[in-house]
Structures are given as structure tokens and as C-alpha cells.
Amino acid sequence: MADVARMAGVDISTASRVLRGETNQRIRDETRERILKSARALDYSPNTLAQGLRTSRSQTLGLIVPQLDNPVFASAIRGAEKSSARHGYSLLIAHRESGATDAVYHRLSHGNRADGLLVASLDDDQLLREELESTHTPFVLLNRQLPGSPYCVVLDSRAAATIAVDHLAQMGHKRIAHLAGRPGGFNAGERLAGYRDGLKRHGIPFDPKLVAVAGYTAEGGADAMRSLLALKPTAVLGATLVTAAGAMAVLHEAGLQIPRDVSVMGLHDAPVATMLYPQLTSVKMPTELMGEIASDLLIDLLNGGTPEPVAPLAPDGLVVRASTGPAPR
């Protein structure tokens with residue numbers, strides 16, 4: 001570190017604060033950049049073990065996700081890793097199923113000594129709040145809100161669902177089914193509200209029979225689609241890419257052609273959307289940015305900052321592929 005400080009022309013304490021990722025100190029941007037440039041030139045790597053012994057911090061964040069096969073969380077992990085590496089932190093990733101009774105939050109915060117937690121969870125509010133508060137560890141929520149917890153980073157799912165319904169309605173669809181998420185969940189409520197907003201905008205009456213709970217799995221999407229077949233929707237909006245994929249499998253099994261007989265859309269986008277047949281139309285969301293911002297926010301909190309709440313992240317836009325087309329006549 002002394003070599004970095006000498007090359008940058010600053011004292012060691014200033015170099016140390018910048019290289020630790022502190023953001024609450026008044027250090028000029030050009031000075032900060034000069035220190036970081038010197039560190040890169042010298043291939044400087046902080047001794048996190050020594051830092052941990054000195055500061056009682058591990059320079060480690062824990063990230064907990066409820067699904068490892070969900071592209072949303074895979075993308076968020078990439079963003080969180082990008083941010084944590086930039087600030088000199090390591091990232092521990094753990095999987096916790098919804099409703100599980102293991103002590104993963106406590107294990108990460110105490111056993112692994114994570115300084116803070118990034119938490120994506122499908123658990124109900126009360127259970128999640130109790131478990132997180134019991135760790136006495138700073139946390140930021142990913143892709144959900146929790147009453148009373150100001151630090152969360154969420155996607156604007158309501159706007160995304162409205163964009164999807166707009167696309168389908170503009171092609172003449174009036175019987176648009178919705179494969180809904182977890183009942184009572186924050187994102188499920190936002191997507192359902194956006195679905196209803198889109199219907200209202202196009203003068204299409206809301207029919208609760210066309211809403212089927214799918215959760216967030218392909219199996220759930222398939223079951224929900226089977227329950228809707230008799231109602232003969234001409235279009236289906238999945239709350240996620242995964243549930244939309246499950247619905248497509250059922251439509252193929254039923255001998256229905258996509259999109260000639262039924263158009264299908266999903267919220268979120270990922271490479272797997274191009275591997276489906278036909279390729280899936282979707283609304284792209286900034287999931288990697290969500291993970292990056294959440295990690296930045298948590299590190300700011302750990303460094304004593306008082307960050308402002310983050311507004312919901314707007315959709316990146318519609319990605320039109322072959323799974324949607326004009327309503328059948």
C-alpha cells in the first residue's frame with residue numbers, strides 16, 4: 001500500500017480509505033482515480049485477512065437466493081459480484097428454499113462472518129423479518145420489498161406487465177391469460193396490477209378466471225396452463241420466463257401451435273428464451289444492474305453511509321420474438 005500511496009502522491013491513510021472502498025470520506029474524484037490507477041499499475045491486492053483482524057470485518061458479503069435455476073437470480077449474482085469485486089469484497093452465495101427452516105442467514109453472518117447480507121426470498125414478510133433481524137447484520141433486499149425495511153432494490157414489474165399486455169392487445173388479443181406468481185407476494189401483486197392496467201388501457205374487461213397461480217417454476221407454469229386450456233385464451237403472459245416455458249410445453253402437448261393458436265410471453269429475458277420453440281417474446285429487465293446496485297448500497301451502509309432509497313428499476317424494453325402473433329380470427 002505504501003508503494004501505491006507513493007506513486008499516487010498521497011499519504012498512506014488516504015490510499016487506505018480509497019482501497020477499502022470507503023465512500024463517506026471527502027476525497028476528490030481525481031485523487032480517488034489516481035490511487036486506483038496506481039493500484040492497478042502495481043497489481044495491488046489487499047490482504048483481506050489482515051484487514052479483518054484489524055477492523056473485525058471480513059470484507060465478505062453473503063448473497064442468499066431461493067432458486068439457483070432462475071435466470072433472474074443468476075443475472076443478479078453477476079451484478080453483485082461485479083460490485084463486490086470493485087469494492088474489494090468477496091461474495092458468498094447460498095441457496096435457501098422458500099419456507100425452509102435452516103439457519104442460512106445466521107450461518108453466513110456469524111459462521112462465515114459475512115459483513116452484510118444481500119437477500120432474495122420468497123418467504124412471507126413476518127418470517128423473513130424475524131430471521132433477518134435475529135442476525136443483527138446489515139442487509140439489503142433484492143427483488144422484493146419488506147414493510148419497515150428501507151433498503152431494497154426492486155424491478156418495476158408493474159410497468160413490465162403493462163408493456164406485455166400492450167404488445168398482445170395491439171395484435172388484437174382480448175382473451176389474455178396471466179400465469180401469476182406467489183399469492184400475496186410483492187412481485188406477484190405488482191405484475192397482476194400491471195396486467196390489469198394493460199387490460200384497462202385497451203378496454204378489455206378483467207376476467208379473474210383467466211388468472212391462474214403458477215408460482216415461479218416450470219412445473220407451476222405447466223399446471224396453471226392446463227387449468228386454463230378449457231377457457232381458450234388466445235394469449236398467455238407468464239409472470240416469469242420459467243413459467244412461460246412450462247406453459248409452452250403444455251400447449252405443444254395439447255397440439256396447439258404457438259403463436260397461430262396461442263401467443264405466449266414471459267417477463268424477464270435470458271439466453272434460454274432463444275432456446276425455446278418458438279423463441280419466446282419477453283420484456284427485458286435490468287436484473288444484473290439490480291444486483292450491482294444492491295451490493296453498492298450494502299457496502300455504502302457498511303461504510304457508515306446513509307443512502308437514499310432506490311426507486312424501482314424501469315424495464316429495458318420489449319424483446320419481440322416468434323412466440324407472439326396476431327390473435328386468431
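Thr234 lies in the loop that joins helix 10 (218-228) to strand 8 (235-238); helices (H or I, at least four residues) and strands (E, at least two) are DSSP runs numbered from the N terminus. The structure is a predicted model, in which local features need pLDDT of at least 70, side-chain atom pairs count only at pLDDT 80 or more, and totals for chains, interfaces and linings use all residues. Residues are numbered from 1 along each chain as its sequence is written, and side-chain values use heavy atoms, with hydrogens and water left out.

The relative accessible area of Thr234 is 16%. Thr234 therefore counts as buried, a class defined by a relative accessible area under 20%, with exposed meaning over 50% and partly exposed in between (1.4 Å probe, protein chains only). When residues up to four places away in sequence are not counted, Thr234 touches His173, Lys174, Arg175, Asp261, Val262, Ser263 and Pro328. A contact requires heavy atoms within 4.5 Å.

In the chain as a whole, 12 helices and 11 strands are found. Of its 329 residues, 52% are buried. Among contacts with a separation of 6 or more, 70% are between residues 24 or more positions apart. The C-alpha atoms fill a box of roughly 75 × 40 × 30 Å along the principal axes.

Five of the strands are described by an open sheet of 5 strands with parallel pairing, in the order 2-1-3-4-5. Two strands are taken to pair if DSSP finds at least two bridges between them. Strand 2 and strand 5 (152-153) form the edges, each pairing on one side only. Strand 1 (residues 60-65) runs parallel to strand 2 (residues 90-95), and 6 bridges link the two. Within this pair, Gly62 is placed opposite Leu92 of strand 2.

The accessible surface of the chain is about 15,200 Å², of which carbon and sulfur atoms supply 53%; areas were computed by the Shrake-Rupley method with a 1.4 Å probe, and for residues only the protein chains shown count as cover.
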